[in-house]
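Here are a few exercises to work through with the model in view. Try each task before you read its solution.

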Amino acid sequence: MRNFKNTLVTGGAGFIGSHVIRRLLNQHPDMNVVNLDALTYAGNLENLRDVEANPHYSFVKGDICDAALIKQLFEKYRFDAVVHLAAESHVDRSIENPMAFLETNIMGTAILLHATKNAWIGSEGDRCFYHISTDEVYGSLGDEGLFTEDTPYDPRSPYSSSKASSDHLVRAWHHTYGLPIVISNCSNNYGAFQFPEKLIPLMIRNIRDQRPLPVYGKGVNVRDWLWVEDHASAIDVILHGGADGRTYNIGGLNEWRNIDLVHALIRLVDAKLGRPEGTSMELITYVTDRAGHDMRYAIDASRIEAELGWKPSITFEEGLAETVRWYLANGEWLDSVTSGNYTQYYETMYGNR
Ligand code: NAD
Ligand code: TYD
């Protein structure tokens, strides 16, 4: 097991990053965690209110493309681990504005890798650059099969191709410069603090507000859903125990067709709000399909289970019920992140539906 004293987390004010920071501070009380986040539309310090007073936690507002800033941070904090989550993360936005994805996800990762490599030259003790990636780098599955760590890369969207590029860069810095790295590729996450441009929080919000529920295409695309706190626990396990240079797939063995998931959310939200069963079914609106829409993602997570003993801690039924409960109880969070630019984004994507 590796041991780290000073960890740089990038993108910690986002959805997954905020859960990772909470997890690291709770599980490793001696670890200092610095959160570097540019606070784009997706970053929100509200996601970390409960840890901001922790003396082991610091926040720095900044961009991973700022090489001088990263160098300064390494000098100041002497990081021995980097957990890199900062990214542009939404496929639909990548279709609208691909260049921002190339800048942050590819150039940002390269800048961070290079600064880390320079800072760690000649250093001793445990070191790890941990790159958080997605199963979308593997492309799209038909009805059968699962993505393994050996599945050839075949990204289809500007988002997934920018993440694939960043994975290649991380391996290149490992092979060329000897940078200690691990990579994980995870399936779709769900849970508290997810920006409501993604399927599950968007649907919960629209069911709550009785607005149309935009289902892309025929609603038959399949995703493998994992509770975000289980992703955070997997990241903790890999950071401390993953083999140098190795890749781990993380998933929930939990495949759902989008339309079935929307039905499940309608049942849960309507029940929680005391509405008669099926009230919100009529809100389902089939809209134009996403360009290049990947049909199916599904992860074979047997390596992380066999080598590191990790598996999901809760069922989807438990996780989804808890997630619906959280969003309905945190209506203020939902409303505050959807004020301002979100309205403009929503109109661009969905018109006035
Ligand atoms: P998110 O969009 O919620 O958060 C991204 C965070 O990165 C935000 O806080 C944002 O402010 C920050 N950021 C963006 N550009 C930055 C920059 N240039 N410099 C510094 N900070 C910047 O994303 P998420 O869903 O939490 O995803 C986190 C990571 O996990 C991403 O790398 C994503 O590719 C990966 N991932 C996500 C999922 C998922 O289902 N959400 C699944 C697998 C992998
Ligand atoms: P999303 O949450 O954007 O994740 P990803 O594209 O990274 O898998 O979308 C999950 C699935 O839901 C995907 O097949 C697209 C679909 N979808 C809709 O049908 N309607 C929506 O409004 C959104 C946001 C997604």
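Helices (H or I, at least four residues) and strands (E, at least two) are DSSP runs, numbered from the N terminus. This is a predicted model, where local features need pLDDT of at least 70 and side-chain atom pairs count only at pLDDT 80 or more, while totals for chains, interfaces and linings use all residues. Residues are numbered from 1 along each chain as its sequence is written, chains are lettered from A and ligands numbered from 1 in the order in which they are written, and side-chain values use heavy atoms, with hydrogens and water left out.

**Exercise 1.** Find asparagine 47 and work out why it counts as buried.

*Solution.* Start with its place: asparagine 47 sits in the loop between β2 (32-37) and β3 (57-61). Next, check the cut-offs: buried means under 20% relative accessible area, exposed over 50%, and partly exposed in between, using a 1.4 Å probe and protein chains only. Asparagine 47 has 1% relative accessibility, so it counts as buried. Now look at its contacts (heavy atoms within 4.5 Å). Leaving out residues up to four places away in sequence, asparagine 47 touches Ala13, Gly14, Phe15, Ser18, Arg22, Phe193 and Trp333.

**Exercise 2.** Pick out strand β4 and find which strands it is joined to.

*Solution.* Two strands pair if DSSP finds at least two bridges between them. Take β1 (residues 6-10): four bridges join it to β4, and the two run parallel. Here valine 9 is opposite valine 83. Then take β5 (residues 128-134), which is also parallel to β4 and linked to it by four bridges. In this pair, valine 82 faces phenylalanine 129. Finally, follow the side chains of β4 (residues 81-84): Ala81 and Val83 point one way, Val82 and His84 the other, and all are buried.

**Exercise 3.** Describe what surrounds ligand 1.

*Solution.* Begin with the shell, meaning residues with a heavy atom within 4 Å of the ligand. It holds 28 residues, and the closest are Ile16, Asp37, Ser89, Tyr159 and Lys163. Where do they come from? α1 (15-27), β5, α5 (158-177) and β7 (188-190) each supply at least two, and β5 gives the largest share, three residues.

Now try the polar contacts (pairs of N or O atoms within 3.5 Å). A polar side-chain atom of serine 89 is 2.7 Å from an oxygen atom of ligand 1. A backbone N or O atom of isoleucine 64 lies 3.0 Å from a nitrogen atom of the ligand, and for alanine 38 the corresponding backbone distance to a ligand nitrogen is 3.1 Å.

Methods. Polar contact = N/O pair within 3.5 Å; in protein donor to acceptor, adjacent residues only side chain to side chain.
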